[in-house]
Amino acid sequence: MKKFKLTPLEKSWVLYDIGNSAFVLLAATLLPIFFNGLASGAGISNEMYLSYWAYAGSIATALVAIIGPICGSLTNQKGFKKPVFVVSMLLGAVGCIALGIAKSWLLFLALFVVAKVGFSSSIVFYDSMLPEITTEDRMDNVSSKGYAYGYIGSCIPFLVCLALVLFYDKIGITLSTAMVLALVLTGVWWIVCSLPLLKNYRQTAYVERRKNAVGETFAELGRTLVHAFKHPKIILYLVAFFFFINGVYTIIDMATAYGTSLGLDTTGLLLALLVTQIVAFPFAILFGRLASKVRPGLLIKICILCYTGITVFAVFLVAQWQFWLLAVLVGMFQGAIQALSRSYLGKIIPAERSGSYYGLMDICGKGASFLGGLLIGIINEKTVGMSLSVFGIQLQSQNFAVSSLIVLFIIGFVLFCIADKLSLFSITDKLKDKLNDK
């Protein structure tokens, strides 16, 4: 089998994943724990801490769901994609650094929302570059490598951050100072890893810039929606993605907060999620290679089913060793389902509308994450104090909250199965072909 080598432009694109993934890892591990310390100091219970953290994530994703498609349509026009990408990237990285100044739990949540909005917005434009930086036959592999190297590369700054937080007293600094240094390191790493892409990327697929760029943005978004509804495969895929990616993003965002609320050892949680990153690296590459031999649609279905099983397992999670096993299982399918979903869309849309379509995809992804976080926050809050014994395991409000994700995985699986069988051509296109034949 011929070795797959990335081109210089593809490498620059992958490197950005390595940069922003450092923030993702920090947000999934140290930030919830740091926030828990601020919240506990203000007299907030573990149960309510989980709800507040979930609500903050939901607010951020709701904002990006609004910003994403509008700015995505703007970046379809010539010369807009890179500048808008730079602004959102800097908002995220600088927001990450600014988290270190927060002394109250409320300010910390506000700054976290800003940083996450910047990060998530940048991903919309980053994803939309995929059809431009590679060819269709390489798309699955390149997309998978982005996630794979993002997972393993993000471990480099994270290990330094982890050492600072765990051994701050050994190097003669306070925990607060250690956390500030970790946030600065992550933000700087993110910016530095972005530089090659900013240097090498040139927008090649676009529509010509209009005089009224902002007004044209909404018109272009409207045209994209019309185009999507004319192609049932595209619109149904986006709806299916909305449901199944819900569980994926919610599990990523809430894993540490969930384990912390159950009273599991903090250091163990951090190390377990580090294992997730390490496991995700080879499996993301493996699924990328499999996509050249097995239909990507089938691989996505396998990932959805496996994530459904993982969520069932998470409902009954009560011990530290179970969290470790959960971390390994998530790592096996996390990168695969994200990478294959990204490249699957790239293959069924026109490249010149990639900004708008990846903006719509982000609405589905962030809308799903909003729904997942909201469901967990509400169910957890409404069931505080309740308990139920199942198979000898005492389930609490946190366990009940996680069970809500199972239904959404099932709906996503059914809808994706339907979408995957549909032809890419619209009903209108088929009628035109028949008329031409006559």
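Buried means under 20% relative accessible area, exposed means over 50%, and partly exposed is in between, using a 1.4 Å probe and protein chains only. What you have open is a predicted model, where local features need pLDDT of at least 70 and side-chain atom pairs count only at pLDDT 80 or more, while totals for chains, interfaces and linings use all residues. Residues are numbered from 1 along each chain as its sequence is written, and side-chain values use heavy atoms, with hydrogens and water left out.

**The whole chain**

Switch to cartoon. The protein chain comes to 17 helices and two strands; helices (H or I, at least four residues) and strands (E, at least two) are DSSP runs, numbered from the N terminus. Take the contacts with a separation of 6 or more: residues 24 or more positions apart account for 84% of them.

**Stop 1**

Two packed helices are described by the angle between their axes and the distance between the axes. Axes here are lines fitted to C-alpha atoms, for helices over the stretch in contact, and angles run from 0 to 180 degrees between N-to-C directions.

Select residues 81-98 for α4 and 175-200 for α9; they pack at about 165°, with axes 7 Å apart. That makes α4 roughly antiparallel to α9, on a scale where angles under 35 degrees count as roughly parallel, over 145 as roughly antiparallel, 65 to 115 as roughly perpendicular and the rest as oblique. The crossing of α4 and α9 is left-handed, a label used if the near helix is turned anticlockwise from the far one by less than a right angle (clockwise gives right-handed).

Show side chains at this contact. On α4, pick K82, F85, V86, M89, L90, G92, A93, C96 and I97; from α9, the partners include W190, I191, L197 and K199. By class, the α4 contact with α9 has 14 nonpolar, four polar and two charged residues. For the classes, Ala, Val, Leu, Ile, Met, Phe, Trp, Tyr, Cys and Pro count as nonpolar, Asp, Glu, Lys and Arg as charged, and the others, Gly among them, as polar.

**Stop 2: α8 against α9**

The class count for α8 with α9 is 13 nonpolar, one polar and no charged residues.

**Stop 3: α1 against α5**

Next, select α1 (residues 8-28) and α5 (residues 105-128), which pack at about 155° with axes 11 Å apart. That makes α1 roughly antiparallel to α5, and the crossing of α1 and α5 is left-handed. W13, V14, Y16, D17, N20, F23, V24 and A27 are the α1 side of the contact, facing F112, A115, K116, F119, S122, I123 and Y126 of α5. Those residues divide into 11 nonpolar, two polar and two charged.

**Stop 4: the core**

Which residues touch the most other members of the largest nonpolar core? Select W13, L30, L31, F108, Y237, F244 and Y307, out of 113 residues in that core. A nonpolar core is a set of buried Ala, Val, Leu, Ile, Met, Phe, Trp, Tyr and Cys residues joined through side-chain atoms within 4.5 Å. Centre on Y307: not counting residues up to four places away in sequence, Y307 touches V248, I251, V330, F333, Q334, I337 and F409.

**Stop 5**

Go to helix α15 and click Y357. Is Y357 buried or exposed? Y357 is buried, with a relative accessible area of 0%. Leaving aside neighbours within four places in sequence, Y357 is in contact with T224, H227, A228, I234, L345, I349 and P350.

Then pick A351, in the loop between α14 and α15 (354-382). A351 counts as partly exposed at 29% relative accessibility. Draw a C-alpha distance from A351 to P131: they are 220 residues apart along the chain, and 6.0 Å separates the two atoms. Beyond residues up to four places away in sequence, A351 touches P131 and A205.

Notes:
Contact = heavy atoms within 4.5 Å.
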